[in-house]
Every structure is written in structure tokens, then in C-alpha cells.
Amino acid sequence: MGQAMPARAWGVEELSVPDRVLRVLEAGCDQFGGEHIPEQIVALVEAGRLTEERLDVSARRLLREKFVLGLFDHPFVDPAGAAASVGAPAGIAAGLRAQSRSVTVLKNDAPERDSRRGEPTLPLAEGSRVYVRGLDAEVAAGYGTVVATPEEADVAILRVKTPFEPREGGFEQFFHAGSLEFDAVEPAAILELCATVPTIVDVYLERPAVLPDIAESAAALVANYGCADGPLLNALFGRVRPEGNLPFELPRSMADVRAQRSDVPRDGKDPVFVFGHGLRY
């Protein structure tokens with residue numbers, strides 16, 4: 001995509017390319033990814049610096065995984081069989097149900113104006129008047145009555161994504177990085193909605209997000225890791241029970257993130273939600 005992608009060698013920049021390759025193999029690597037330099041390995045063998053026995057170890061490990069997968073039992077693809085099995089209704093249904101089950105309920109309070117006398121926000125009652133933002137209103141209409149303004153709604157459903165800082169280069173754009181904090185504009189709009197109507201905020205956690213104010217203001221907060229509108233609504237309306245748990249902490253601020261040790265898991269001092277958190281209903 002027009003961007004040079006040189007091999008990285010963090011920490012061993014002073015080593016030659018053959019020395020780097022040898023160091024990687026000595027560390028236990030079995031397969032190089034993203035590099036096309038088999039001649040370097042051949043040269044190491046010919047120079048007597050790398051034994052063929054060491055390569056056999058990696059070859060056995062890689063072949064074993066292929067045998068476990070059955071790739072040598074059925075090495076040829078059957079196009080007709082593939083067409084019949086890929087995208088089969090049963091598989092699609094199982095995948096959509098898995099999306100619903102993976103939804104993680106982080107917060108589930110009783111809205112202040114809830115007529116159910118202290119009952120939690122989720123699951124939503126079928127036919128509720130809902131105001132939606134960030135999801136397909138036609139899909140939502142299969143679960144409740146979609147209204148045009150927050151003031152008309154019993155509840156609002158809002159979908160957002162973990163923020164990131166865009167990077168230059170076609171390849172770099174695929175990998176989101178930078179601050180986990182929202183800018184000043186998006187949280188203000190979310191908090192305004194939360195102040196108007198009990199609001200369920202769904203956040204796509206492709207990586208952790210800093211959202212203490214949103215977590216405080218939302219009537220319910222849920223997380224997903226890649227979920228279509230229908231499966232999300234199935235979870236919110238209780239048609240499928242969400243069973244997800246957080247795979248990482250949600251930090252309270254970027255200052256807390258920077259203070260953590262990079263080599264210690266779950267090192268946050270006061271996360272908004274801890275590793276493994278997930279409510280049920």
C-alpha cells in the first residue's frame with residue numbers, strides 16, 4: 001500500500017541480519033511471519049552455525065499441528081462440499097447466538113424514573129419505547145417501538161467504539177493505537193443523553209477504554225467484542241442471556257495506564273471495572 005515496512009529489531013539493532021535470525025531461532029521460534037528470507041536460514045546451516053536437527057525440531061512441531069487439524073487426512077478441498085457447509089443456516093445461527101452470549105454486562109442499575117420500582121434496567125421489556133443512536137432503527141423495531149426523540153423514549157440505546165488516534169500509512173491504519181480516552185465532544189453528547197432518558201451504552205472494546213464518567217451516568221453499560229445489532233438486542237432484551245466477562249481491566253484514566261508496569265498483568269490501581277467482571281440476569 002505504498003508504505004515501506006522494514007524488519008524491526010528492537011533491542012538487537014546492533015546485530016547483523018544472520019545474527020538476529022539465529023537469536024530468534026535459539027529463543028524457540030518455529031515459524032517466521034511477515035518475512036521472506038529463507039536464504040538467511042540456509043546460509044546459517046551452510047556456515048555450521050545452525051544444525052539441521054534444530055530445524056527438524058521446528059518442522060516436527062509445525063507438522064504436528066497440521067496432523068491434529070486433519071490436513072493430511074483430507075488434503076483436497078471439495079468445492080461442492082464447501083458451498084454446502086460454508087454459510088449454512090445452522091452455523092450462522094450458532095455464530096449469532098455466540099455474539100449475544102459474549103456481550104458483557106458491566107453495569108445494570110435501576111433507572112431513577114423506572115416505573116418498575118427499583119428493578120434493573122436490563123433485560124428490557126419487549127415493546128419498550130426506545131430511542132437508538134449508532135444502531136439500525138429498522139432492526140431495533142423488531143424489539144420495541146422506535147421513537148424519534150429521547151424525550152419520547154422509555155430508554156435509549158447507544159453504541160460507541162473505543163477511541164484511538166489515527167496513524168499515517170495504509171498498513172498502520174489497520175491497528176488502532178494511542179489514547180484510550182474519548183475526546184471532549186463525544187462524552188458530552190453521551191452524558192447529555194443519559195441525563196435526558198435512562199440510557200444503555202454499548203461500547204465496542206477492541207481494546208480497553210477509559211470511560212468512568214460514562215459508566216457513572218449510564219443506566220446500564222455493556223461491552224461487546226464484535227457484535228451485530230440483532231445479537232446485541234437479543235442480549236439486551238433477554239432473548240439470549242449475555243454471559244461475557246471482561247478480558248482486561250478498564251482503567252480510570254490514561255494517567256493510571258501510564259503508571260502501570262508493562263510486564264505485569266492487571267496492574268491498575270483503581271480500575272473502573274476489574275479483569276473478569278461481568279454481571280448476569
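R64 is exposed, with a relative accessible area of 51%, where exposed means over 50%, buried under 20% and partly exposed in between (1.4 Å probe, protein chains only). Its neighbour in a salt bridge is E65, with 3.4 Å between the closest N and O atoms; a salt bridge here is a side-chain nitrogen of Lys or Arg within 4 Å of a carboxyl oxygen of Asp or Glu. E65 itself is partly exposed, at 43% relative accessible area. In total, the structure holds 11 salt bridges.

A word on the ground rules: this is a predicted model, in which local features need pLDDT of at least 70 and side-chain atom pairs count only at pLDDT 80 or more, while totals for chains, interfaces and linings use all residues. Residues are numbered from 1 along each chain as its sequence is written, and side-chain values use heavy atoms, with hydrogens and water left out.

R159 and D202 meet through their side chains in a salt bridge, at 2.8 Å from N to O. R159 sits in strand 4 and D202 in strand 5, so this pair ties together parts that are 43 residues apart in sequence. (Helices, H or I of at least four residues, and strands, E of at least two, are DSSP runs numbered from the N terminus.) R159 counts as buried at 16% relative accessibility, and D202 counts as buried at 0%. R159 also forms a salt bridge with D229, whose closest N and O atoms are 2.6 Å apart. That pair links strand 4 with helix 9 (residues 229-236), 70 residues apart. D229 is buried too, at 17% relative accessibility. Together, R159, D202 and D229 are linked in a network of salt bridges.

The open sheet has 6 strands in the order 1-6-5-4-2-3, with mixed pairing; two strands pair if DSSP finds at least two bridges between them. At the edges are strand 1 (104-108) and strand 3 (145-146), each pairing on one side only. Strands of a sheet pair through backbone hydrogen bonds, either parallel or antiparallel. Strand 6 lets you see both kinds: strand 5 pairs with strand 6 in the parallel sense over 5 bridges, whereas strand 1 runs antiparallel to strand 6 and is joined to it by 4 bridges. Follow A220 in strand 6 and you'll find I200 as a bridge partner, with N108 standing opposite A220 as well. V201, meanwhile, stands opposite L221.

Finally, the packing. A nonpolar core is a set of buried Ala, Val, Leu, Ile, Met, Phe, Trp, Tyr and Cys residues joined through side-chain atoms within 4.5 Å. The largest one has 26 residues, of which V201, L211 and F273 touch the most other members. Strand 4 (155-161), helix 7 (185-196), strand 5 (199-204), helix 8 (212-217) and strand 6 (220-224) each supply at least two residues of this core. A second, separate core of 20 residues includes V103, V155, I157 and A220. Leaving aside residues up to four places away in sequence, L211 touches F182, V203, L221, L250 and P251, contact meaning heavy atoms within 4.5 Å.
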